[in-house]
Amino acid sequence: MSSNAENDKKSIPDIIIDKTRNCSYQRLRFFGKGGFAKCYEIQHTGTKEVFAGKIVPKSMMTKSSHKEKMAQEISIHRSLSHNHVVGFHSFFEDVSNIYIVLELCKRRSMMELHKRRKAITEPETRFFMHQILEGVRYLHNNRIIHRDLKLGNLFLNDELHVKIGDFGLAARIEFEGERKQTVCGTPNYIAPEILTRKGHSLEVDIWSLGCIMYTLLAGKPPFETSSLKDTYKRIKECEYRIPSSLRKPAVEMIVMQLQEDPLKRPSVDKLLQHQFFTSGIMPAALPLSCLTTAPRTDQLEKLALQRRPLHQINSNDDGRCDEKFSVPNGLTESQSNRQHLLSLRQQLVKLLCSKRKNRLQVLTDELSDPAAQPLVWISKWVDYSDKYGFGYQLCDESVGVMFNDTSKIVMLANGVNVHFITREGQEIYLTMDDYPPELVKKMKLLSYFRRYMSDYLMKTGASAVVRESDGLSRLPHLHQWFRSTLAVIMYLTNGALQINFQDHTKIILCPLMQAVTYIDVEKNFRTFRFSTIEKYGCDEKLFNNLEYALEKLNSVLGMPAVTPMMSCS
Ligand code: ADP
C-alpha cells in the first residue's frame, strides 16, 4: 500500500464524528478527488441518510488564501437552498480535516455526460439548460456570482436533475453596482472582462452559460485551442465558430450570451423566455440511458411538455430539417465503431510504452477514478452461436442477442420495450406484444435467451419497473464478439471493449473516458484513468491484461501484431 493510502486511512476515519451536532457518519465508497477535497459517500449512522462528504485535510490548508477561500465557499453555499443547487447539509471539523456534508449527486456531473456523448440533442439541451438557468436565476436573485459555471460543476441526481455545486470561486455582491476586480483561481469558461481585469459581475455567469450551451450542442467548447494562451486570445476577441448543424433559435441564444460587452448580455430571466425553449420539444423527463446513448427520437414528441407548432415540424425555414433526426456526427454504426477502436488502440500503445519503466506499482483506491467507471457492461453471456447466436445481459438487466446473421435485438430491463437492429444497422422499435410477423422467430429466441439467463445465470428477481421515460431509452448494444483460448472479447456500440478472462477477472476499456476498469474475482470494480497508469504504473496482472487487449485490438482492426516496444521506437 502506498504511503498516500496509509495517510488517508489514518487521517480520514471510517466513522466520522460531528461533535457539535453529536452525530456520526459512516464512510462508504470513495467517490472522487478534486483539487483539495476527497469525496466519499457517507451515511448518517442515526437516520441512515446518505450524503456526499467533501473532506479537506487541514494539512492542505497551508496558505491563508486557502483558508479564506474555503471559508468563503462554506459561507456562501450554506446560505443557499434551491432545487437546482447542491443541497448543503452541514460542515464540521476534527483535528485533521474539514468535512462538508452535501446532497449526494449519484450520477456525477455533466462533464462525464459530455465525455461519453459529445454533442447531445437539442431537446436534451433544452431540458438541462432550463434547469441550469433556474438555478442561476436563484443565485443571481441572491446576489451570488458563481464564477466557475462549467460542466464539471453541474451535478446530476438519479432523475438527471441538475444541481449547481462547487462554490469555491463564488462571490457575493456587497453593494448595488459593485464590480469585482479579481478572482482567486482560474475559472474554466472565463469571461473576457475577467481576463482584461475590467471589473466584473453577474454577467460572467451568463458568458459561462453560453459556453456550456455551445459545448452541449457542438460537442466541444467554443474557444478550445491547443494552448491556453491562444484560447485566452480568442476569448478576448470573442472569436468562435458555430457549427452549421445548429438550428436558428439555439444559435441566437448562444450569440446573445457570448458577447464581449458584458452589459449587452441578457439576464437569466430574459434567457428563460428565449424562443429556444418554445421552438422545440421539452422532454418532461430523460431516462438514465441518456448518460451514454442518445435518446429515441421517434418518441420525444410523446413525452414532450410542449409541442412545436405543427407548421414548423416539417418545414425547413428554421434553419435545419428536422431536429429529431440528426445522426450524431453522421457516421454509420460500423464507421463510428472503427473510430472508437482506433482511438483505443492509440491510447493503449501510448500507455504501454510509457510505463515499462515502473511496471510494478500497486494502484490504490485513491488513485482510482470512480467517475470514469462504465455505466454499461455485460454481466452475463451465453454462446449459442453453433445454432442461433450470442446472448447477453447488461448490468441494468436488459438483455440482447446478436444473431448469426449479425442482426441484433435488445430488450430493455422493463421487459416491454424491444429494439431490433437490422444487419444494415437500422434501429426498429417494438414492444413485447407488437412486432412484425417476420420477427416472430427472433422474438422467441430473445425470450428463450432471456429465460435461460434468468434461470441459470442471474440472481433472478429483477423487479421490472416500467418508467415513462423508458420510451426514450436507447442502449448501447453488442457490436462484435469473439472467443479465444484465454478469454471472451466483447465490443459494445458505445466504444467499450470488455474482456472476460478464464480466471473470472475482467477488464473494460473505454476510449471516451480513457480509462480501464478492472473487475476482480470478488466482483470489485476499480477504474483507473490511462493517464494515472502512465504516471504511476500498475501491477503486472493489469499490465498483462492491457497487453492482451492491444493484441486483440490489433487483430480486430486487421493490423500487424506489433508489440508496443516495437511501435514505440
Ligand atoms: P475541489 O473543490 O477540491 O476541486 P470538488 O468539488 O471537485 O473538489 O469535488 C471532488 C470530487 O467529488 C469530484 O470528483 C466531484 O465530482 C465529487 N463531488 C463533489 N460534490 C459532490 C456531490 N455533491 N455529489 C457527488 N459527488 C460530488
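Figure 1. The model is predicted, so local features are given only where pLDDT is at least 70 and side-chain atom pairs only at pLDDT 80 or more, whereas totals for chains, interfaces and linings use all residues. Residues are numbered from 1 along each chain as its sequence is written, and side-chain values rest on heavy atoms, with hydrogens and water left out. Helices (H or I, at least four residues) and strands (E, at least two) are DSSP runs numbered from the N terminus. E5 comprises residues 88-93 and runs antiparallel to E6, to which five bridges join it. Within this pair, Glu 93 has Ile 98 of E6 as its bridge partner.

**Figure 2. The six-stranded sheet around E6.** Two strands count as paired if DSSP finds at least two bridges between them. Strands of a sheet pair through backbone hydrogen bonds, either parallel or antiparallel. The sheet shown here is open, has six strands in the order E1-E2-E3-E4-E6-E5, and is paired in the antiparallel sense. E1 (15-18) and E5 stand at its edges with a single partner strand each, so one side of each lacks a neighbour in the sheet. On average, and with direction ignored, neighbouring strands of this sheet are turned by 35° against each other. Helix H2 (residues 64-77) packs on the sheet and touches E4, E5 and E6, and its direction makes about 25° with that of E6. Contact means heavy atoms within 4.5 Å; axes are lines fitted to C-alpha atoms, for helices over the stretch in contact, and angles run from 0 to 180 degrees between N-to-C directions.

**Figure 3. Strand E4 and its two pairings.** Six bridges connect E4 (residues 50-57) with E6 in the antiparallel sense. In this pairing, Ile 55 stands opposite Tyr 99 of E6. Strand E3 (residues 38-44) also pairs with E4 in the antiparallel sense, over six bridges. Here Glu 41 has Ala 52 of E4 as its bridge partner.

Figure 4. Residues are termed buried under 20% relative accessible area, exposed over 50%, and partly exposed in between (1.4 Å probe, protein chains only). Six of the six residues of E6 are buried, so this strand is largely enclosed by the rest of the structure. In a regular strand the side chains alternate between the two faces of the sheet. Both faces of E6 are covered, with Asn 97, Tyr 99 and Val 101 buried on one side and Ile 98, Ile 100 and Leu 102 buried on the other. Asn 97 belongs to E6, which covers residues 97-102, and has a relative accessible area of 2%. A polar atom of the Asn 97 side chain lies 2.7 Å from the backbone oxygen of Ser 11. Leaving out residues up to four places away in sequence, Asn 97 touches Ser 11, Ile 12, Ile 55, Val 56, Pro 57, Lys 58 and Phe 92.

Figure 5. The axes of H4 (residues 122-141) and H6 (residues 203-218) come within 10 Å and cross at roughly 165°. These two helices are therefore roughly antiparallel to each other, a term for angles over 145 degrees, with under 35 counted as roughly parallel, 65 to 115 as roughly perpendicular and the rest as oblique. Residues of H4 that meet H6 include Met 129, Ile 132 and Val 136, and those of H6 include Leu 209, Ile 212 and Leu 216. The axes of H6 and H8 (residues 248-257) come within 8 Å and cross at roughly 145°. Among the residues in this second contact are Trp 207 and Tyr 214 of H6 and Met 253 and Ile 254 of H8.

**Figure 6. Three loop residues.** Gln 299 lies in the loop between H10 (275-278) and H11 (310-313) and is buried, with a relative accessibility of 14%. Apart from neighbours within four places in sequence, Gln 299 contacts Gly 471 and Leu 472. Lys 118, in the loop between H3 (110-117) and H4, is not a glycine but has a positive phi of about 55°; Lys 118 is partly exposed at 39% relative accessible area. His 504, in the loop between E19 (497-501) and E20 (506-510), has a positive phi near 75° and is exposed, with a relative accessible area of 55%.

Notes. A polar contact is a pair of N or O atoms within 3.5 Å; within protein, one must be able to donate a hydrogen and the other to accept it, and residues adjacent in sequence count only if both atoms are side-chain atoms.
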